[in-house]
Amino acid sequence: MRIKRWRLNILVIYYDQKRANNYRFNILQLLKNLSSIYRLDYAISEAHQFLNLNEQTNDDNIADLVYFRSNEYSRLEVKELRLVISNIFRRVPSPFEEGVEICTQLNKVLPAYPFPKDFYRPLVFPYIEYHKGSEKKLYIYANEVMNIIEEEQAFPLN
């Protein structure tokens, strides 16, 4: 089944620096894991500078912008990803009650936030490609490398 190409940006708004420090790692890690499960290209802009964010909200707000894009390996449609994200972040207990909001950007503003030239493309676990412009580098997750090293060191010699 061929999936139509699409983009989706996720906005994560923290009400202050303390909440950003408390929740950023876990929220962004969860979104990275979703990209790996569904094989989506992603890029993250931490503490993204939005032009109108502070005019619409409190001056202490900090926002991260997570870019998702489908590719030839992707496993779901944009509508399905929106549903997954809304289901994850609407349940109680929720970061919403803790001073964090997670929402998707409207399609009409996507042209103002183009997908970055530097991004990650999860491949078959534990591999990931890092694209920087026209360059591509293949990486392996650090914890998997450590597992391989530990297994190799524990291997009995004949």
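**Entry 1: nonpolar cores**

I looked up the largest nonpolar core in this predicted model and found that it has 22 residues. Ile 10, Leu 31, Phe 68 and Ile 85 are the members with the most contacts inside it. I then traced the elements behind this core: strand S1 (7–14), H1, strand S3 (62–69), helix H3 (78–88) and strand S4 (100–104) each supply at least two residues. The most comes from H1, which gives 5 residues. I recorded another core of 10 residues lying apart from this one, with Leu 11, Ala 43, Tyr 113 and Phe 119 among its members.

**Entry 2: surroundings of Ile 85**

I listed the contacts of Ile 85, leaving aside neighbours within four places in sequence. The partners are Leu 8, Ile 10, Leu 34, Phe 68 and Ile 102.

**Entry 3: positive phi values**

Arg 39 sits in the loop between helix H1 (17–38) and strand S2 (41–45). I noted Arg 39 as buried because its relative accessible area is 19%, under the 20% limit.

Ala 47 also has a positive phi, near 50 degrees. I located Ala 47 in the loop between S2 and helix H2 (53–56). With a relative accessible area of 35%, Ala 47 is partly exposed.

**Entry 4: nonpolar surface patch**

I examined a nonpolar surface patch of about 370 Å², made by Tyr 127, Leu 138, Ile 140 and Ile 148. Of these, I placed Ile 148 in helix H4 (residues 142–154).

Notes: Residues are numbered from 1 along each chain as its sequence is written. This is a predicted model: local features need pLDDT of at least 70, side-chain atom pairs count only at pLDDT 80 or more; totals for chains, interfaces and linings use all residues. Side-chain values use heavy atoms; hydrogens and water are left out. Patches are made of residues with over 30% relative accessible area and no salt bridge: like charges are joined within 9 Å, nonpolar side chains (Val, Leu, Ile, Met, Phe, Trp, Tyr) within 5 Å. Accessible areas come from the Shrake-Rupley method with a 1.4 Å probe; for residues, only the protein chains shown count as cover. A salt bridge is a side-chain nitrogen of Lys or Arg within 4 Å of a carboxyl oxygen of Asp or Glu. Helices (H or I, at least four residues) and strands (E, at least two) are DSSP runs, numbered from the N terminus. Buried means under 20% relative accessible area, exposed over 50%, partly exposed in between (1.4 Å probe, protein chains only). A nonpolar core is a set of buried Ala, Val, Leu, Ile, Met, Phe, Trp, Tyr and Cys residues joined through side-chain atoms within 4.5 Å. Contact means heavy atoms within 4.5 Å.
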